[in-house]
Amino acid sequence: MSDRFDAEVQAHAEDSIQREVFGTRLGFILAAVGSAVGLGNMWRFSYTASEGGGAAFVFLYVILTLIIGIPIMLAEFAAGRKSRRSPIGALREAGGPKWIPVAFFYVGAGFLILSYYSVIAGWVVRYAFEAITIGFPADAGAHFEAISTGPQAMSYHLLFMIFTVIIVMGGVEKGIERASSLMMPALFFILVGLAAWAFTLDGAGAGYAAYLQPQWGDLLDGGTFASAAAQAFFSLSLGMGAMLTFASYLSKDENLNREAVVISFADFLVAFIAGLVVFPIVFALGLQGAVSESTVGALFIALPGAFAEMSGGRIIGSLFFLALMVGALTSAISLLEVVVASIIDEFDIPRKKAALGAGTLIALFGLLSASSLDTLGLIDAVAGELFLVIGGLGLAILVGYRMKGAREELEKGASPLFRKLIPVVFVFLRYIVPPIVIFVIYDRLMNVWSVIQTTYLGG
Ligand code: TRP
């Protein structure tokens, strides 16, 4: 009896030394939703929608999530859970050593994205903190100008990186899972409350119209199509192995197909609701001009300006920026985890050291983005858009054509309905995803080029 018990303890101990696991199914879902829900949802989605056809864009976005997002997420899940390795090991196992450079590319994307994501998150931390302690500034534009770059931005960026590193040091179950399980429900309830409140504002109708009025003609525009696809990649955390890494901590009997649908739907829902918060507020105060000026303009200038003026704005604004901070933090965790897990798996370095080392390097590199908005924008265009779509193409090809046992992996734990759909997923990975994504890669490449031209070549 005691022998057997000892043997079990021993086996368990060995298992958890080799690979950590999520404690519960819900914990995995919340961690993955936490990764997906972030700055991308809370602001970029509604902004892109208002620019690109309103409800027509939302419709397109949902379609793209179904035909590209979910298949690629499933490809990441299959590669991650089957190998139970972070991207480098997973790609090596699925495709052979030739694929290792692709995995390095993933780790590089995680590094680069986190380096500037954390700068933006630092602004959010600052706004949340100031909203609670001193309120919103009267001149939000001047305030943003003063804090968005330089030592001010650097210190909050470093602070945010410290939060991120501490959680990742805590491990999969005690760090990532616990943080997401506490924070994601809070975020959701705050957001729904804010949307209900925004509904009562005068001018809410005009805000909804600007956000959602369908302009079907916009869908014929290739640029709208590509930006919807790139937005889906970023928002769902696809194309650089974040979902792959999380799935590698998952036990074998979860229904991956169902989880992918749940996670994608939750991500969309939060993005959609965030738009229902932001647009009425901005329009109630007649600040729509700031929306079209720039993406950061609305979030860090128009919205705080509105909070400063409206009654109850300080409380509402504090809650809004707190929710944003929570979203950013659970996303940053997943970006760091890709880098950390790869270091742990490949070099046998203990988690705490790996997290501290990788976090420090990323924080230092992020100082570049904290000193120049142009640099931040360029790294976003390169890593946050181009790298992800290239990474997604790689994954679709690897899992669609080459990886052995991918289908069986998705069939594990699948209900009969999902089982029937799995062949469809492979048809998409092979024939639908690659041509669409190649078009998006072309478009985003041109975008990077135009960013370089306008910011660095003066034309
Ligand atoms: N999805 C997050 C957002 O919407 C950002 C993010 C986290 C991410 N992890 C990622 C993006 C991995 C791409 C890949 O803000």
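Q: Which residues of α5 are buried?
A: Buried is a cut-off term, meaning under 20% relative accessible area, with exposed meaning over 50% and partly exposed the range in between, using a 1.4 Å probe and protein chains only. In this predicted model, P87, I88, G89, A90, L91, A94 and G95 of α5 are buried, which makes seven of its nine residues, and the helix is accordingly described as mostly covered. Just after α5, G96 takes a positive phi of about 95°.

Q: What should I know about the numbering and the limits of the model before reading further?
A: Residues are numbered from 1 along each chain as its sequence is written. The model is predicted, with local features needing pLDDT of at least 70 and side-chain atom pairs counting only at pLDDT 80 or more, while totals for chains, interfaces and linings use all residues, and side-chain values use heavy atoms, leaving out hydrogens and water.

Q: Against which helices do the buried residues of α5 pack?
A: Packing is read from contacts, and contact means heavy atoms within 4.5 Å. By that criterion the buried residues of α5 pack against α4, α6 (100-133), α12, α16 and α18 (373-402).

Q: How many helices and strands does the chain have?
A: Helices (H or I, at least four residues) and strands (E, at least two) are DSSP runs, numbered from the N terminus. The chain has 20 helices and zero strands.

Q: Why does the radius of gyration of the chain agree with that of a compact globule?
A: The radius of gyration is taken over C-alpha atoms, and the globule rule is 2.2 Å times the number of residues to the power 0.38. For 459 residues a compact globule would have a radius of gyration near 23 Å, and the chain has 22 Å, so the two agree. The C-alpha trace spans about 70 × 45 × 45 Å along its principal axes, buried residues make up 56% of the 459 residues, and residues 24 or more positions apart account for 85% of the contacts with a separation of 6 or more.

Q: Is M240 buried or exposed, and which residues does M240 touch?
A: A loop position can be read through its accessibility and its contacts. M240 lies in the loop between α11 (222-235) and α12 (242-247), and at 3% relative accessibility M240 counts as buried. Leaving aside residues up to four places away in sequence, M240 touches E76, Y106, A109, G110, I113, L335, V338 and L388. The C-alpha atoms of M240 and L395 are separated by 9.1 Å, although these residues are 155 residues apart along the chain.

Q: How many aromatic pairs does the structure hold?
A: Rings of Phe, Tyr and Trp (its six-membered ring) pair if their centres lie within 6.5 Å, and planes under 30 degrees apart count as stacked, over 60 as edge-to-face and the rest as tilted. A search of the whole structure finds 30 aromatic pairs. Among them, F22 and Y249 form an edge-to-face pair, 6.2 Å centre to centre with 75° between the planes. This pair links distant parts of the chain, 227 residues apart, with F22 in the loop between α1 (2-18) and α2 (25-36) and Y249 in the loop between α12 and α13 (256-284); both F22 and Y249 are buried.
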